[in-house]
Amino acid sequence: MKADKNKLSLAMARACMNPQDLAKAAEMPPQTVNGVLRERSIRPATLGRIAKALGVDVTDILKEA
């Protein structure tokens, strides 16, 4: 799975978060969040934790195939 960089950045802006804030809120290393922002492939659970931390649905930040 991959997150859409633009959708993720928009969700972060709405939540007033930067990558470091998101890493803390999602309880994951900043390197993981940076990888997601670079549209690297991630596990579904990781994407779920990020979506939960942002208060959005996973489909709101999921990259469409």
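Reply: What follows goes from the overall fold to the core and then to one lysine.
This is a predicted model, where local features need pLDDT of at least 70, side-chain atom pairs count only at pLDDT 80 or more, and totals for chains, interfaces and linings use all residues. Residues are numbered from 1 along each chain as its sequence is written, and side-chain values use heavy atoms, with hydrogens and water left out.

Me: How many helices and strands does the protein chain have?
Reply: The protein chain has 5 helices and 0 strands, counted as DSSP runs numbered from the N terminus (helices H or I, at least four residues; strands E, at least two).

Me: Which residues touch the most other members of the largest nonpolar core?
Reply: Leu8, Leu22, Ile50, Leu54 and Ile61 do, out of 17 residues. Such a core is a set of buried (under 20% relative accessible area, 1.4 Å probe, protein chains only) Ala, Val, Leu, Ile, Met, Phe, Trp, Tyr and Cys residues joined through side-chain atoms within 4.5 Å.

Me: Which helix gives the most to this core?
Reply: H4, with 4 residues.

Me: New topic. Where is lysine 63?
Reply: Lysine 63 lies in the segment after helix H5 (58-61). Its relative accessible area is 35%, so lysine 63 counts as partly exposed, the class between buried and exposed (over 50%).

Me: What does lysine 63 touch?
Reply: Leaving out residues up to four places away in sequence, lysine 63 touches Lys2, Ala3, Asp4 and Glu39; contact means heavy atoms within 4.5 Å.

Me: Which side chain is joined to lysine 63 by a polar contact?
Reply: That of glutamate 39, at 2.7 Å. A polar contact is a pair of N or O atoms within 3.5 Å; within protein, one must be able to donate a hydrogen and the other to accept it, and residues adjacent in sequence count only if both atoms are side-chain atoms.
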